[in-house]
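User: I would like to learn how to read a helix and the chain contacts around it. Please take me through one case.

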Amino acid sequence: MADALIVAALVLTAFMATAVVLTRDPARQAIVLSGYGLALAILFLLLQAPDVAMSQTAVGTVVVPLIVILAIHAIRRHHTREPDRRGRE
Amino acid sequence: MSHLPYLVAGWILLAGIYGLVTSRNLVHAVVCLSVAQSATYVLLLTIGYRKKATAPVFSDIKPTRNVVDPVVQAMTLTDIVVGATVTALLLALTVQVAKRRGTVDPDELRSLEP
Amino acid sequence: MSRRVRLLVFLLSGAGVAVLFTLAAVRLPDFGGTWHPYGERTLPNAIRRHTPNVISSINFDQRAFDTLGEELILMAAALAAVVILRTVRAEQEDAAGAHAYGPAEVSDALRITGYLLLPVIMVTGVYVVAHGYISPGGGFQGGVVLGSAIHLIYLAGDYPALARIRPIPMFESGEAVAAGVFVLLALAFAGQVKAMNAAVGLEVGCALVLVLAKFFEQALLVRKDA
């Protein structure tokens with residue numbers, strides 16, 4: 001039973017990792033990354049690592065996606081000036 | 001079954017590197033790098049796993065020898081938190097690149113002009 | 001290098017890595033096996049030092065010097081991110097609330113949930129740090145919970161309130177003091193698991209708040225001089 005659960009979690013993790021990589025739009029990718037963090041946390045929990053699962057839940061599903069979203073927002077602010085600069089060139 | 005978990009770690013690593021190589025956006029590249037890094041977590045924890053063993057915490061059970069390997073868990077634990085700040089540093093650099101060059105497409109960043 | 005050449009190089013080297021990795025993986029000990037030489041050496045020490053959470057014992061007692069290195073990487077990375085994202089001379093910072101980022105139009109349900117959850121999550125974070133000694137948890141996890149909890153205020157739609165309850169200089173000095181205390185503890189008093197948990201919790205929490213604050217500034221407030 002435990003084995004089957006671990007295999008299922010491993011397959012889910014591999015699938016989510018692939019999904020994160022293949023999501024090309026960074027804003028969507030941040031959301032998928034959050035799901036990947038959750039999948040990793042479930043895997044770690046099944047591997048009898050509650051401490052690591054805790055750390056992964058907090059970091060992987062909240063902090064890193066939040067930073068990614070903020071970075072995208074900051075970059076977009078600099079891109080809004082982009083069209084007129086290109087127009088002049 | 002006996003070696004499948006290690007191969008999953010290898011798959012995650014290669015998937016992350018593939019995303020890094022084909023990326024058209026530095027933010028996407030940084031996220032792919034963090035995916036590639038997470039392969040080490042999976043590899044370390046699967047190597048430390050032991051069947052029918054409990055987590056290495058003895059607050060409510062009598063100390064026993066039948067626990068999963070705590071050393072790899074301790075390493076992974078610190079790595080996750082430190083890795084997050086390193087990802088934040090890379091994203092900070094990306095924001096700076098966007099400010100100075102007006103693009104985050106690695107193909108448009110040719111030379112090291114100021 | 002064109003995109004096609006780059007992909008070709010990746011395919012070749014990726015195939016090489018895949019073959020070598022697979023060859024190495026099949027020679028590793030079986031998954032779930034009983035051979036764990038490192039674990040067997042650390043367990044008796046953790047039990048002898050009466051630390052019920054073996055992972056805390058490894059991080060802050062048996063391998064405290066290693067954790068010191070990790071801790072300094074964390075501080076260096078956070079410091080570098082803060083320095084890179086500082087407001088430079090060609091930019092200026094708008095006052096918080098000068099835009100529509102003030103109390104935003106979010107539904108009352110979301111706002112109330114945010115305000116109600118904040119104290120609960122802060123207490124959870126403190127609990128995780130304080131009990132890292134006996135139950136799963138510790139400075140690293142609790143620090144992350146504490147550092148991200150106060151950003152619930154932003155999710156509740158109130159950036160000015162977030163900026164008010166998070167005076168940056170206080171967190172900067174908190175970060176510096178916690179890092180100094182941790183270096184002292186790791187070098188002179190390794191094994192004080194509870195104290196080290198608290199120092200790490202403070203440091204991780206402050207580092208996260210500082211880094212996120214800089215990202216928030218860049219995303220919401222900073223603009224180039226016209």
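Analyst: This is a predicted model. Start at the end of one helix: α2(C) is followed by H50(C), and the phi of H50(C) is positive, near 55°.

User: Which residues of α2(C) are buried?

Analyst: A residue counts as buried if 20 or more other C-beta atoms lie within 10 Å of its own. In α2(C), G39(C), T42(C), L43(C) and A46(C) are buried. These residues are on the same side of α2(C) because they cover an arc of only 115° around the axis.

User: Which residues are exposed on the other side of α2(C)?

Analyst: P37(C), R41(C), P44(C) and R48(C) are exposed there.

User: What do the buried residues of α2(C) pack against?

Analyst: They pack against α3 of chain C, and also against α2 (26-48) and α3 (70-101) of chain B.

User: How many residues does the contact take from chain C and from chain B?

Analyst: Interface size is often given as the accessible area lost when the parts come together. Here the description is by residues: 47 residues from chain C and 41 residues from chain B. On the chain C side, α1(C) gives the largest share, ten residues. By class, that side has 31 nonpolar, twelve polar and four charged residues.

User: What about the contact of chain C with chain A?

Analyst: That contact takes 15 residues from chain C and 13 residues from chain A. On the chain C side, α6 and α10 of chain C each give two or more residues, and the largest share, six residues, comes from α10(C). The classes there are ten nonpolar, five polar and no charged residues.

Conventions. Residues numbered from 1 in each chain as written. Chains lettered and ligands numbered in written order. Predicted model: local features only at pLDDT ≥ 70, side-chain atom pairs only at ≥ 80, totals over all residues. Contact = placed C-beta atoms within 7 Å. Helix = DSSP H or I, 4+ residues; strand = E, 2+ residues; numbered from the N terminus. Nonpolar A, V, L, I, M, F, W, Y, C, P; charged D, E, K, R; others polar. Buried ≥ 20, exposed ≤ 12 C-beta atoms within 10 Å, placed from the backbone. Arc of directions from axis to C-beta.
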